[in-house]
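Here is a short briefing to read alongside the model on your screen. Take a moment to turn it around before you start on the points below.

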Amino acid sequence: GERAAAGHAQVRHFWARALRVATTAKDKLAHQSQIALSIAQRAEVSKRTALLKADDTVKLVHEKCRRWDDEQAIMLEEARLFEQQREEEIRRQQEELFQAQ
C-alpha cells in the first residue's frame with residue numbers, strides 16, 4: 001500500500017510537472033503567436049500605406065499631365081486668336097490703303 005501510495009504520488013507529481021511544462025509552452029506559443037500577428041498587422045499597414053502613397057503619386061502625375069494638356073490647349077487657342085486678329089488687322093490696313101487710292 002505504501003509503495004502504491006508513493007507510486008501514486010510520483011505519478012501525480014509527474015503529471016503536475018508535465019501540465020506545468022505544457023502550460024508554459026502554451027503560454028510562450030500564444031505570446032509568440034501574438035508577436036507574429038502584430039508584425040503581420042504592422043506589415044499590412046506599411047503595405048497599405050505604401051500603396052496609398054503610390055496611388056497618390058499616380059493621381060498627382062495624372063493631374064499634372066492634365067494641367068499641361070489644358071495649358072497647351074489654352075496656348076494654342078491664344079495663338080489662333082492672335083493669328084486671327086493679326087490677319088484681320090492686315091485686311092483692315094489693306095482696305096484702308098485701297099480706299100485711300
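How many positive and how many negative side chains does the protein have, and how far apart do the centres of the two sets lie? There are 18 positive and 17 negative side chains, with 27 Å between the centres of the two sets. Please keep in mind that this is a predicted model.

**Overall form**

- The protein contains one helix and zero strands.
- Helix 1 covers residues 2-100, in a protein of 101 residues.
- Along the principal axes, the C-alpha atoms fill a box of roughly 150 × 10 × 5 Å.
- The radius of gyration is 43 Å, whereas a compact globule of 101 residues would have one near 13 Å.
- For a sense of distance along the model, take Thr57 and Gln99: they are 42 residues apart along the chain, and their C-alpha atoms are separated by 62 Å.
- Thr57 itself sits in helix 1 and is partly exposed, with a relative accessible area of 46%.

**Surface**

- What share of the 101 residues counts as buried? The figure is 0%.
- The accessible surface of the protein amounts to about 9,700 Å².
- Carbon and sulfur atoms account for 60% of that accessible surface.

**Salt bridges**

- The count of salt bridges comes to eight; three of the pairs, each within helix 1, are described here.
- Asp55 and Lys59 meet through their side chains in a salt bridge, at 3.4 Å from N to O. Why are these two separated by about one helical turn? They are four residues apart in helix 1, so about one turn separates them.
- Asp55 is partly exposed because its relative accessibility is 36%, and a value between 20% and 50% falls in that class.
- Glu63 and Arg66 form another salt bridge, with 2.6 Å between the closest N and O atoms. The two are three residues apart in helix 1, so they too are separated by about one helical turn.
- In this pair, Arg66 has a relative accessibility of 46% and counts as partly exposed, while Glu63, at 29%, is also partly exposed.
- The Glu63 and Arg66 pair belongs to a network of salt bridges that links Glu63, Arg66 and Arg67.
- Glu89 pairs with Arg92, and the closest N and O atoms of this salt bridge are 2.5 Å apart. Both residues lie in helix 1, three residues apart, about one turn of the helix.
- Are Glu89 and Arg92 buried, partly exposed or exposed? Glu89 counts as partly exposed at 33% relative accessibility, and Arg92 is partly exposed with a relative accessible area of 38%.

**Aromatic pair**

- A search of the whole structure turns up one aromatic pair. Its members are Phe14 and Trp15, in an edge-to-face arrangement.
- The ring centres of Phe14 and Trp15 are 5.2 Å apart, and their planes make an angle of 75 degrees. The pair counts as edge-to-face because the angle is over 60 degrees.
- Phe14 and Trp15 fall on either side of a cut-off: Phe14 is partly exposed at 49% relative accessibility, whereas Trp15 is exposed at 55%, because the exposed class begins over 50%.

Terms used. Residues numbered from 1 in each chain as written. Predicted model: local features only at pLDDT ≥ 70, side-chain atom pairs only at ≥ 80, totals over all residues. Heavy atoms only, no water. Phe/Tyr/Trp six-rings, centres within 6.5 Å; stacked < 30°, edge-to-face > 60°. Buried < 20%, exposed > 50% of the residue type's maximum accessible area, 1.4 Å probe, protein only. Rg over C-alpha atoms; globule rule 2.2 N^0.38 Å. Areas by Shrake-Rupley, 256 points an atom, 1.4 Å probe, with all protein chains shown as cover. Lys, Arg positive; Asp, Glu negative; His and termini not counted. Charge placed at Lys NZ, Arg CZ, Asp CG, Glu CD. Salt bridge = Lys/Arg side-chain N within 4 Å of Asp/Glu carboxyl O.
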